[in-house]
Amino acid sequence: GVFAYLAGQITRPVSSVAATARKIVEGDLGARASGPMPSRFSGEISQLVQDFNSLAATMQAHDRRLKQEAAAIAHELRTPLTVLMGRLHGLCDGLFEPTPEEHARLLRQAKALANLIDDLRTVSLATAGQLALNPEPVDLSAVAAEVIDQFANDIEKSQVALHLDLQAAPALADPNRLRQAIGNLIANALRYAGEWGELRIESGRQGDWAQVRVLDRGPGLPAGQAPALFEPFTRGDPSRSRDSGGSGLGLAVVAAVASSHGGEVVAANRDYGGAVFTLRIPQAPIESSSLTPTISALRIR
């Protein structure tokens, strides 16, 4: 009668949830539970089944993403390792002369591999909420100036005109992580905008933020894809090779550093062409005498 009907409305979907849970444990992440037939008694049971299936879908999507990232990591590591091993085999077999130029080429490949591993570690730690910071009073303008100086040779080779507007931007932050993030923003701009001849870097205060902005006159951002650029292994132009397009981790590292400081990084297209990337972290009321000074002199074209 009525009691048997009500019992069936409860036990069948609950049994389906239990059976589906066993399938998921066994590795079938595509399994889904079936709900009760619609009735005035099935509301809460239907909600239970929907919530369970939503959880299963989330697990499946997470598993798919982990597999995709594992494949991407393997691909990115294989490229510099293959080149490095090929050159070393060539040296061992006498195909290449052990010249200073060859040693420098090998060192560049090893450095690229080390940088990739460091970026992977940064993103992994940030994802796990374990990215350690050593904050101190800093001025983002001084940190940016130091990084720009480190890129002086690359900027000169790229033939871009560098325009600077570095205003004080005090914050309590980890200067090493900020150097890493700002360096990635500059490298990204040079990679995509080198042939367009202009790079502008700004720093200063904006409301409660201390910020650094990197602006170029390159091809700009793909429509609707700005947020996705900060996901690991995302490139603005998928056709670019690793040599010209980077590993796809640089902007993910910037986002990780910004988030760990309680800040953000945003990307947008500029008026009249080009892109602007803005790194923001909370501003701090710091006396100018306590700020970390600019370490290197600027070399500006």
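I began with a crossing in this predicted model: helix 6 passes helix 8 in a left-handed crossing.

I then looked up who makes that contact. From helix 6 I noted Arg177, Leu178, Gln180, Ala181, Asn184, Leu185 and Asn188, and from helix 8 I noted Gly250, Leu251, Val253, Val254 and Val257. Sorted by class, these residues are 7 nonpolar, 4 polar and 1 charged.

Next came the geometry. Two packed helices are described by the angle between their axes and the distance between the axes. For helix 6 (residues 175-193) and helix 8 (residues 250-260), I found an angle of about 145° and axes 9 Å apart.

On the helix 4 side I listed Leu140, Val143, Ala144, Glu146, Val147 and Ile148, which meet Pro175, Leu178, Arg179, Ile182, Gly183 and Ile186 of helix 6. This contact has 9 nonpolar, 1 polar and 2 charged residues.

Is helix 4 enclosed by the rest of the structure or open? I found 10 of the 11 residues of helix 4 (residues 140-150) buried, so helix 4 is largely enclosed. Among the buried ones are Glu146 and Asp149.

Last, I checked helix 3 (residues 100-127). Its 28 residues, at 1.5 Å a residue, should span 40 Å, and the end C-alpha atoms are 40 Å apart, which agrees. Buried residues of helix 3 include Glu102, Leu106, Asp119 and Thr122.

How values were computed: Residues numbered from 1 in each chain as written. Predicted model: local features only at pLDDT ≥ 70, side-chain atom pairs only at ≥ 80, totals over all residues. Heavy atoms only, no water. Axes fitted to C-alpha atoms, helices over the stretch in contact; angles between N-to-C directions. Helix = DSSP H or I, 4+ residues; strand = E, 2+ residues; numbered from the N terminus. Left-handed = near helix turned anticlockwise from the far one by under 90°. Contact = heavy atoms within 4.5 Å. Nonpolar A, V, L, I, M, F, W, Y, C, P; charged D, E, K, R; others polar. Expected span 1.5 Å × (residues − 1). Buried < 20%, exposed > 50% of the residue type's maximum accessible area, 1.4 Å probe, protein only.
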